[in-house]
Protein chains: 4
Amino acid sequence: MARFEADLPPMTTSIGHSTADDIWVQGYNLADELMGEVDFGSTFFLLVTGRLPTRGEARLFNAVLVALADHGLTPTALAARLTYTGAPDAIQGAVAAGVLGAGSVFLGVFEGAGRVLRAAAPDAEASSDEELDRLAAGIVEDHRRRGSRIPGLGHPFHKNGDPRTARLLALAREHDLLGPHTRLMLRVQALATSPSGKALPLNAGGACGALLCDLGIETEVLRGVAVVSRAAGVVGHLAEEARAPMGTTLWRLAEREASYEPRR
Amino acid sequence: MARFEADLPPMTTSIGHSTADDIWVQGYNLADELMGEVDFGSTFFLLVTGRLPTRGEARLFNAVLVALADHGLTPTALAARLTYTGAPDAIQGAVAAGVLGAGSVFLGVFEGAGRVLRAAAPDAEASSDEELDRLAAGIVEDHRRRGSRIPGLGHPFHKNGDPRTARLLALAREHDLLGPHTRLMLRVQALATSPSGKALPLNAGGACGALLCDLGIETEVLRGVAVVSRAAGVVGHLAEEARAPMGTTLWRLAEREASYEPRR
Amino acid sequence: MARFEADLPPMTTSIGHSTADDIWVQGYNLADELMGEVDFGSTFFLLVTGRLPTRGEARLFNAVLVALADHGLTPTALAARLTYTGAPDAIQGAVAAGVLGAGSVFLGVFEGAGRVLRAAAPDAEASSDEELDRLAAGIVEDHRRRGSRIPGLGHPFHKNGDPRTARLLALAREHDLLGPHTRLMLRVQALATSPSGKALPLNAGGACGALLCDLGIETEVLRGVAVVSRAAGVVGHLAEEARAPMGTTLWRLAEREASYEPRR
Amino acid sequence: MARFEADLPPMTTSIGHSTADDIWVQGYNLADELMGEVDFGSTFFLLVTGRLPTRGEARLFNAVLVALADHGLTPTALAARLTYTGAPDAIQGAVAAGVLGAGSVFLGVFEGAGRVLRAAAPDAEASSDEELDRLAAGIVEDHRRRGSRIPGLGHPFHKNGDPRTARLLALAREHDLLGPHTRLMLRVQALATSPSGKALPLNAGGACGALLCDLGIETEVLRGVAVVSRAAGVVGHLAEEARAPMGTTLWRLAEREASYEPRR
């Protein structure tokens, strides 16, 4: 068809490869070196970053995945359940539907926090307290001037602080993984206030975003990490939906509660 | 709108719930009892089954998730990468696209093995060797008569046996988790042959399906477990695609290799 | 990577092709022969079948697409709206979520009717009334013996007959497009009764399935035709959701109505 | 569960509603007033805008849908085909995968053009030529200063002008539908040049975006219109894939052409 020229850039991958006798993942022998040796969360870390996590990194990365897996009957879980109602024979479609709601509103905070921190570019080696103070003041001032909220601060339900945040920070401290992005995020939190002057707690999205930056997860993939976590929660909901369905009740509820007002 | 009657069946969920101060997952306090205490794979097990796995179950379930996470540049991974090419701003869509190819062809074996075994309904308590032999002979005979392949046996590449199968069985034996479904599957494998009379190895899909049945995963959700595993592999591919894209090259390759033959 | 042998089967496509000056679709010049000349429904027919419909076929095919486009606040529409709530920046994801619920439960009837009719293989040229009577009796008897419902008959709401069915049949008759599949379906309907002995009306899914078979749509693609139709309805719902959102209300409704009963 | 307060905002819809005897869409009786009377493209217009198009609007809107339906073996079509390879039993998933690649890269131009034009807010009634000249100069100057490309201008293949653009503009003129957004877009095109000083043709995305704005499609839904159009093209590709598959060849091609370079 020749719409494109003949010379194509080379394609290379470092992820997976198999021969008749062996399967390799990021250079590790899957059956011998990973299965039974490395937990799923750490294998996910390997797939994304190209290296196995240390013991502390594995514990923290797993804790982030656990923290984001479920939030009850969220729009995400409801969309998955309603999709399963119509297509129970294709559960992959219901998982996909659940995952597709993990967009700017729900994961915007998460990714947004990462973007703000990465843009400030704190240096792992050289970030003195003074330097981080300066960067934090810049971030707060910049958002104040533009009248925009700093992603990762405040929470609609957990007014006294998100219980996951304290736990994540404690784990990071325990394993000496409180890196420059999280240290910067904490300084931003300490400086920032709501328009009415109240302190804003660091929410789990902000904490996870900062910690994943410190763990070396690329900004483009931050949302992808949360999506895998959320997929696990969605499959939990679908397992329950298969046993004790609520999809049809939700449908009836919507039909009952909504009024029809044609515009014609 | 009142198309449905007024009385609706009650909706209940056991998965997630939150108050101002706490978040609960299957009755566990998320921040205190799960994060940092339980790995992500085990939390996924909890979400799906409603209980935490034992140490051995956790190791085996994690190994299953690790085994299925990636298979290199499969149609699944390619679909995700090509979707990312068009919509890099919505990585959740690329993950969804990758997950949607996890259907009857790729995961049919997996789910199919589970269905065959569950239909035979081996009893965990009372399944004597003789009983399992009898059930296995029935399954093999039934498929022979209908001329259909037994799901979980044979592999297009790993002719000498799928390296993941041996590892999974060893792990199950080590933790005394070789339950009646897997014992039945092994008997089926020992009896079955290809149409040309050759022995057929137990592939990873068949082994995973049988082991997950023994772990108590419902048949309807088997494919969902594989989908979460595969989502992790897909995000690995997307992380690589963001760094070293091959989507446009695949596009050009297809345009170059395909010929246009209008039917008009 | 060389996991596969070197010789690959050729790839050919008849659908689309473009040069610097022209774009071709199924051998037609897109700008000169299709845009402004052929409506979207007919272009869809061309894309799927490789030929343009006659005037009558175009009217009937468009009527089928119109018939299936919307059914109010169905699980499909709700899943799309809830996905939009979380990811308004990626409307393609919300459309995809809406489409993913178009599975076995909602479109099973549609595709199932087509499969039953295609399996009976009525011959367009030679199907005498006697031959069709014989095939219809066989279908009804076969389902009675297996205790299974005949797809396309009966409707939960439209007890007196689906209003779309009469309209579709009238259009088909008007254009002399009541082919052997639909004639067979009508005979099946006349013979079949519910378990309690009542007559069962031909529903819109059954009528559309039969008529699309007569129009030459392949069985594998029947569901795909309905999916495009439903996508239009879903975008209608999303346009409304953007103006007058109900996603958050649905979420609150679910949280309010559901009770939390941990299994622990 | 009571996480939210009890009082919920009301939910209303104007789209679809059904009673035992009738089905209504935007206040029209589906069977009597739409099926057989109104083509699918016009019904889609009704679903999105709440009103039926005039004869000229229907022709133009259909032409836009036809223009965007297919572009050959694009990443979008390839992703759908590869998904079908793995899950042929759930064609809705393959359509969804095809639709999910309709994101910022491929439809960014389309939506971006609409956003730029809507932000300039030309007034349908009062937009004099002078006023539009002033707005166009502002848009060009603004993009030049920020060093960003104006969405809708230039095309990688159709260097001499996109053949669809001329056709769309001719249709709009014929029906007196060249409204203020399109007139503004044309002025922007006349003023803008590439960084090297060359004129940039108005591409089909830019023309469609402007014309849909003039037709009253909301900015948030522009991409959704293109997604339905593309879904039709995707189903065309899947119909071909079911007859003459290329998915496995694409897989083999990728495996053959890509080199494996583990990072370990």
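Which residues in H7(C) are buried? In this predicted model, local features need pLDDT of at least 70 and side-chain atom pairs count only at pLDDT 80 or more, while totals for chains, interfaces and linings use all residues. Residues are numbered from 1 along each chain as its sequence is written, and chains are lettered from A, with ligands numbered from 1, in the order in which they are written.

Helices (H or I, at least four residues) and strands (E, at least two) are DSSP runs numbered from the N terminus. In H7(C), the buried residues are Leu132(C), Leu135(C), Ala136(C) and Ile139(C), where buried requires 20 or more other C-beta atoms within 10 Å of the residue's own, exposed 12 or fewer, and partly exposed lies in between, with C-beta atoms placed from the backbone. Seen down the axis of H7(C), these buried residues fall within an arc of 100°, so they line one face of the helix; the arc is that of the directions from the helix axis to the C-beta atoms. The face turned away from the buried side of H7(C) carries exposed residues, among them Glu130(C), Arg134(C) and Glu141(C). Just after H7(C), Gly147(C) takes a positive phi of about 65°.

Between chains, 90 residues of chain B are in contact with 89 residues of chain A, contact meaning that C-beta atoms, placed from the backbone, lie within 7 Å. The largest share of the side of chain B that touches chain A, 17 residues, comes from helix H11 (residues 219–243) of chain B.

In chain D, three strands form an open antiparallel sheet in the order E2-E3-E4, two strands pairing if DSSP finds at least two bridges between them.

Methods
Contact = placed C-beta atoms within 7 Å.
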